[in-house]
Amino acid sequence: MTDVRKQSRSQAVLAPARSRSPVEKGEVRGFTVHHTAGPATQTPAQIQSYHFSIGWSDVGYARLVVDHGSYAVIVEGRGYGAELAHALGHNRSHLGVAVIGTYDNGLPSVHALAAVRQCHAEAESWAGRTLPVTGHRDLVSTGCPGDALYAWATGGMDLDEAAEGDEELYGLSEGDSGERVEGLQTTLRHAGFGDMLGDYGPRGDGVDGDYGSGTTEAVLAARQYVGSGATSGARVSAIAAAQIRRAVARREAERAVAGLDLDEGDC
Ligand SMILES: [Zn+2]
């Protein structure tokens, strides 16, 4: 179901490390997830040259995960037996892996998430013990690895949950059309955002199967309704899909409460 590939340093066109300080397995106590907080299109070589430019001896992380959407690639970085440069004061005790991109409001693909899990399993196997998962923000003051990726990584790294949106909503974006978009629009109506969809479609209820500006607005409104800091509804990421479902559940709960009020009757 998930497609995770691997690249060696040379396949990823990384330059040799300028120096390397070995770490004993016994020193390692944890596993740390990062995002690179830049565009997902950055290459490992670009990140390495940035790290060289700030005086580091190599790319800072043990592994880099590149998300290509339909598959992900684990790129060998400093590896699991070397002092890293990923979290000040924790570079020998924690193995750090970074997903290239910014994951405050949306998760990377399920393939990239599977790659992170695989890195964690490999790190534990290398260390010969359980390595609790932390986010960079648990170690030092930073927003890294982004709200969405942090929640996923420290919430059990569940792939089923992340992929749940796949079936219906996940992956849709503005400009798409068809049955899955109709499903999204129906869900948005259930979440109470039907008005934003306009009166398009055969029933005049806004369910027309075209992901246009109204659907974009409604996706954003549904996300914000459950507290998301999202600023765009033009794409349904895995976390957006989960938030839209939560919006439906919350709306249903509100309707139930309103129904109780009516039963009490003050008219
Ligand atoms: Zn970080």
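**Exercise 1: The sheet**

In strand β4, the residue that alanine 72 provides a bridge for is valine 4. Before we go on, note that this is a predicted model, in which local features need pLDDT of at least 70, side-chain atom pairs count only at pLDDT 80 or more, and totals for chains, interfaces and linings use all residues. Residues are numbered from 1 along each chain as its sequence is written.

Task: find how β1 and β4 run, and work out the strand order of the open sheet.

Solution. 
- Step 1: strands here are DSSP runs of E with at least two residues, helices are runs of H or I with at least four residues, and both are numbered from the N terminus.
- Step 2: β1 and strand β4 (residues 72-76) run parallel and are joined by four bridges. Two strands count as paired if DSSP finds at least two bridges between them.
- Step 3: the open sheet has six strands in the order β1-β4-β3-β5-β2-β6, with mixed pairing.
- Step 4: β1 (4-7) and β6 (133-135) each have a single partner strand, so they stand at the edges and one side of each has no neighbour in the sheet.
- Step 5: on average, neighbouring strands of this sheet are turned by 25 degrees against each other, direction ignored. Axes are lines fitted to C-alpha atoms, for helices over the stretch in contact, and angles run from 0 to 180 degrees between N-to-C directions.
- Step 6: helix α4 (residues 147-154) packs on the sheet and touches β2 (30-35), β5 (94-99) and β6, its direction making about 165 degrees with that of β6.

**Exercise 2: One side of a helix**

Task: which residues of helix α1 are buried, and what covers them?

Solution. 
- Step 1: a residue is buried if 20 or more other C-beta atoms lie within 10 Å of its own, exposed if 12 or fewer, and partly exposed in between, with C-beta atoms placed from the backbone.
- Step 2: in helix α1 (residues 44-53), Pro44, Ile47 and Gln48 are the buried ones.
- Step 3: those residues cover an arc of only 100 degrees around the axis, which puts them on the same side of α1. The arc is that of the directions from the helix axis to the C-beta atoms.
- Step 4: their cover includes β3 (63-67) and β4.
- Step 5: just after α1, glycine 55 takes a positive phi of about 95 degrees.

**Exercise 3: The core**

Task: which residues have the most contacts inside the largest nonpolar core?

Solution. 
- Step 1: a nonpolar core is a set of buried Ala, Val, Leu, Ile, Met, Phe, Trp, Tyr and Cys residues joined through C-beta atoms within 7 Å.
- Step 2: the largest one has 65 residues, and Leu64, Val65, Val97, Val116, Leu149, Leu188 and Ile244 have the most contacts inside it.
- Step 3: helix α2 (residues 110-127) gives the most to this core, with nine residues.
- Step 4: at least three residues come from each of domain 1 (4-163) and domain 2 (179-264). The bounds come from an automatic or database domain assignment.
- Step 5: zoom in on valine 97. Neighbours within four places in sequence aside, valine 97 is in contact with residues including Val33, Tyr61, Val116 and Cys119. Contact means that two C-beta atoms, placed from the backbone, lie within 7 Å.

**Exercise 4: Two domains**

Task: how far apart are the C-alpha centres of domain 1 and domain 2, and how many residues of each are in contact?

Solution. 
- Step 1: the C-alpha centres lie 35 Å apart.
- Step 2: six residues of domain 1 are in contact with seven residues of domain 2.
- Step 3: for scale, the C-alpha atoms of the chain fill a box of roughly 75 × 40 × 35 Å along the principal axes.
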